[in-house]
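These entries record what I looked up, beginning with the sheet and then turning to the backbone geometry.

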Amino acid sequence: MELLDVDGAWLYTPEIMRDERGELLEWFRGRTFQEKIGHPLLLAQANCSVSRKGVLRGIHFADAPPGQAKYVTCASGTVLDVVVDVRRGSPTFGRWVAVRLDAARHQGLYLAEGLGHAFMALTDNATVVYLCSQPYVAEAERAVDPLDPAIGIAWPTDIDIVLSAKDTHAPSLAQAAETGILPDYEECRAYIAEAAGVGPAR
């Protein structure tokens, strides 16, 4: 597992065993995850989304705490997966990092509570599956405009982007900060420390 340029974002590269029958891999391994992250991944929900080429989902995050940590992989096709630091008070606030997830390398991307998540399908039938630490709660789900020029994510320019109505009308990062919907960096850190067993009980 490799720590990325946004604190709380990790990329896991599995060993893939291939032979004439196909391939086998462990796309998530609890012991490895806990050794690197410092606590186990609480599994509350598993999601699967299938997107046609050009579909862009995000930037999504949940009210924190508890927030919603995610462990993401691409089971079919290819996506550009992006982590955005939307935690107010974070030293890397507004920074983003992108990784290409595909069905050839089977890498897994982990996002800690409070981080924003988005991905764009680079192929048809791009299938993304992800494990979530908390169940989806509609009232706690938030979004920021994935095309916000102040964030400046370098989405591919040779593919027509398809957005949902929700994401089309999502606020900019600055507007989200003004309305107070962004997670607080220190609150997220305290929650994660508690999960790791090194923080005060709530």
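I took two strands as paired if DSSP finds at least two bridges between them. The model is predicted.

**Sheet.** On that basis I read an open sheet of six strands, in the order S1-S2-S10-S7-S12-S5, with antiparallel pairing. I noted that S1 (2-3) and S5 (45-51) form the edges; each has a single partner strand, so one side of each lacks a neighbour in the sheet. I then looked up how S5 is joined to S12 (residues 126-132): seven bridges link the two, which run antiparallel. Within this pair, Gln-45 stands opposite Cys-132 of S12.

**Helix on the sheet.** I found helix H1 (residues 30-37) packed on the sheet, where H1 touches S2 (9-12), S7 (70-76) and S10 (108-111). The direction of H1 makes about 145 degrees with that of S2.

**Cis peptide bonds.** I recorded a cis bond from Gly-58 to Ile-59, with omega near 10 degrees. Ile-59 lies in strand S6 (residues 56-62). I also recorded a cis bond from Pro-65 to Pro-66, with omega near 5 degrees; Pro-66 belongs to the loop between S6 and S7.

**Positive phi.** I noted His-106, a residue other than glycine, with phi at a positive value near 55 degrees. His-106 sits in the loop between S9 (96-102) and S10.

Key:
Residues numbered from 1 in each chain as written. Predicted model: local features only at pLDDT ≥ 70, side-chain atom pairs only at ≥ 80, totals over all residues. Heavy atoms only, no water. Helix = DSSP H or I, 4+ residues; strand = E, 2+ residues; numbered from the N terminus. Contact = heavy atoms within 4.5 Å. Axes fitted to C-alpha atoms, helices over the stretch in contact; angles between N-to-C directions.
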